[in-house]
Amino acid sequence: MVCKDLGGECAEKLSAGTPREMVDTMVKHVMENHPNTAKAMEKMHNEDPDKWGNEFRQKWALTTEE
Ligand SMILES: [Zn+2]
């Protein structure tokens with residue numbers, strides 16, 4: 001998955017073995033590289049964690065199908 005797939009701003013590749021690891025990797029990357037995006041994601045996650053989680057799982061499923 002690349003940063004953009006997850007709502008980020010760049011095309012940096014982020015890889016992980018599990019969805020949980022992917023979230024951790026993404027959060028770390030966004031906080032270090034896109035502080036504004038990190039804030040927006042945190043807000044979205046706080047307002048509607050289920051929606052965020054569902055969207056993430058869909059994206060994860062799509063990228064692991066290949
Ligand atoms: Zn990025």
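What you see is a predicted model: local features need pLDDT of at least 70, side-chain atom pairs count only at pLDDT 80 or more, and totals for chains, interfaces and linings use all residues. Residues are numbered from 1 along each chain as its sequence is written, and side-chain values use heavy atoms, with hydrogens and water left out.

For reference, the ideal angle for four tetrahedral donors is 109.5 degrees.

Now accessibility. Buried means under 20% relative accessible area, exposed over 50%, and partly exposed in between, with a 1.4 Å probe and protein chains only. C3 has 0% relative accessibility and therefore counts as buried. C10, at 21%, counts as partly exposed. H34 is buried, with a relative accessible area of 10%, and sits in the loop between α1 and α2. Not counting residues up to four places away in sequence, H34 touches C3, E9, C10 and H29; contact here is heavy atoms within 4.5 Å.

Next, the helices, which are DSSP runs of H or I with at least four residues, numbered from the N terminus. The expected span of a helix is 1.5 Å times one less than its number of residues. Helix α1 covers residues 19-33, 15 residues, and its first and last C-alpha atoms are 21 Å apart, close to the 21 Å expected. Its buried residues are M22, V23, M26, H29 and V30. Viewed down the axis of α1, these fall within an arc of 135°, so they line one face of the helix. The arc is taken over the directions from the helix axis to the C-beta atoms. On the other side of α1, the residues R20, K28, M31 and E32 are exposed.

Helix α2 has 13 residues, which should span 18 Å, and its end C-alpha atoms are 18 Å apart, in agreement. Buried in α2 are T37, A38 and M41. They cover an arc of only 100° around the axis, which puts them on the same side of α2. The face turned away from that buried side carries the exposed residues N36, K39, K43, N46 and E47.

T37 lies in α2, residues 35-47, and at 9% relative accessibility T37 counts as buried. What joins the side chains of T37 and E9? A polar contact of 2.2 Å, meaning a pair of N or O atoms within 3.5 Å; within protein, one must be able to donate a hydrogen and the other to accept it, and residues adjacent in sequence count only if both atoms are side-chain atoms. Leaving aside neighbours within four places in sequence, T37 is in contact with G7, G8, E9 and V30.

E12 is in the segment before α1 and, at 41% relative accessibility, counts as partly exposed. Again leaving aside neighbours within four places, E12 is in contact with M1, V2, C3 and H29.

Definitions and conventions
Helices (H or I, at least four residues) and strands (E, at least two) are DSSP runs, numbered from the N terminus.
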